[in-house]
Amino acid sequence: MPDMLPLANTLLIVISGIALVTGRIAIARRNVAIHRASMLTATVFAVLFLVVYVVRWAMFGSTPYTGQGAARTIYFGLLIIHSIAAVVVIPFVLGALKYARREAFDEHRKRARIAFPIWLFVAVSGWVIYWMLYHA
Ligand code: HEM
């Protein structure tokens, strides 16, 4: 069971990332319905990711990284930037959702344009970290 959790966790963040990109493409094509559905999906899967991650961490602790040399520097550098970005993005995502709900789309766009690239970075760097920890 503990072996499956990192993969389950990464799949959740992959699905969230795919939904995020789908939503970005949809709004570029002015398709608000698909944009809305995709972004809400991205948010739900990001929250699920966080829940599984915290439960896994609380139950089994974290997996130590065993790589050495430059890979180790890259791994921890990426992990730190990834973790900071994951926290920084939260108020922008919440703001984007709040203003979308109020149909204040100018305010929505301001926050969403900041949230999107940070969120994408968090998702992609999360996949890279998983790959470096378990496969590299
Ligand atoms: C956290 C989730 C969301 C993110 C990250 C997000 C992201 C974005 C981004 C980046 C844009 C700007 C597109 C551009 O620059 O032209 C945008 C615009 C827009 N979003 Fe979202 N969005 C989210 C949730 C939603 C939701 C739930 C709705 C509900 C209807 C929505 C409706 C819209 C609309 C109507 C626009 C066009 C605004 C305009 O150009 O006047 N978004 N969104």
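Select Glu103 to start: Glu103 is exposed, because 8 other C-beta atoms lie within 10 Å (exposed means 12 or fewer other C-beta atoms within 10 Å of the residue's own, buried means 20 or more, partly exposed lies in between, and C-beta atoms are placed from the backbone). The model is a predicted one, in which local features need pLDDT of at least 70 and side-chain atom pairs count only at pLDDT 80 or more, while totals for chains, interfaces and linings use all residues. Numbering runs from 1 along each chain as its sequence is written.

**Two loop residues**

Stay on Glu103, which sits in the loop between H3 and H4 (helices are DSSP runs of H or I of at least four residues, strands are runs of E of at least two, and both are numbered from the N terminus). Check its backbone: phi is positive, about 60 degrees, although Glu103 is not a glycine. Most residues other than glycine have a negative phi.

Next, select Arg30, in the loop between H1 and H2. Arg30 is not a glycine either, yet has a positive phi of about 65 degrees. Arg30 counts as exposed because 7 other C-beta atoms lie within 10 Å.

**The whole chain**

Zoom out to the protein chain, which has 4 helices and 0 strands. Read from the N terminus, the elements run α-α-α-α. Along the principal axes, the C-alpha atoms fill a box of roughly 50 × 30 × 25 Å. Colour by burial, and 19% of the 136 residues count as buried.

**H1 against H2**

Show H1 and H2 together. The two helices pack at an angle of about 160 degrees, and their axes are 8 Å apart (axes are lines fitted to C-alpha atoms, for helices over the stretch in contact, and angles run from 0 to 180 degrees between N-to-C directions). H1 and H2 are therefore roughly antiparallel (over 145 degrees; under 35 counts as roughly parallel, 65 to 115 as roughly perpendicular and the rest as oblique).

H1 passes H2 in a left-handed crossing (the near helix is turned anticlockwise from the far one by less than a right angle; clockwise would be right-handed). The contact of H1 with H2 has 18 nonpolar, 7 polar and 1 charged residues (Ala, Val, Leu, Ile, Met, Phe, Trp, Tyr, Cys and Pro count as nonpolar, Asp, Glu, Lys and Arg as charged, and the others, Gly among them, as polar).

**H1 against H4**

The axes of H1 and H4 come within 10 Å and cross at roughly 150 degrees, which makes H1 roughly antiparallel to H4. This crossing of H1 and H4 is left-handed. To see the contact, select on the H1 side Pro6, Thr10, Ile13, Val14, Ser16, Gly17, Leu20 and Arg24. On the H4 side, select Phe116, Trp119, Leu120, Ala123, Val124, Gly126, Trp127, Tyr130 and Tyr134. By class, the residues of the contact of H1 with H4 divide into 12 nonpolar, 4 polar and 1 charged.

**H3 against H4**

The crossing of H3 and H4 is left-handed. The contact of H3 with H4 holds 22 nonpolar, 5 polar and 2 charged residues.

Within H4, pick Ile114. Ile114 is partly exposed, because 17 other C-beta atoms lie within 10 Å. Draw a C-alpha to C-alpha distance from Ile114 to Val93: the two are 8.8 Å apart in space and 21 residues apart in sequence.

**A loop residue between H2 and H3**

Select Thr66, found in the loop between H2 and H3. Thr66 counts as exposed, since it has 10 C-beta neighbours inside 10 Å.

**The ligand**

Finish at the ligand and show the 19 residues around it, of which Arg36, Met39, Ala100, Phe105 and Ala112 come nearest (a residue is near a molecule or strand if its C-beta atom, placed from the backbone, lies within 6 Å of it). Each of H1 (4–28), H2 (32–60), H3 (70–101) and H4 (105–134) supplies at least two residues of this shell. The largest share, 7 residues, comes from H4. Coloured by class, the shell around the ligand has 12 nonpolar, 3 polar and 4 charged residues.

Definitions and conventions:
Two residues are in contact if their C-beta atoms, placed from the backbone, lie within 7 Å.
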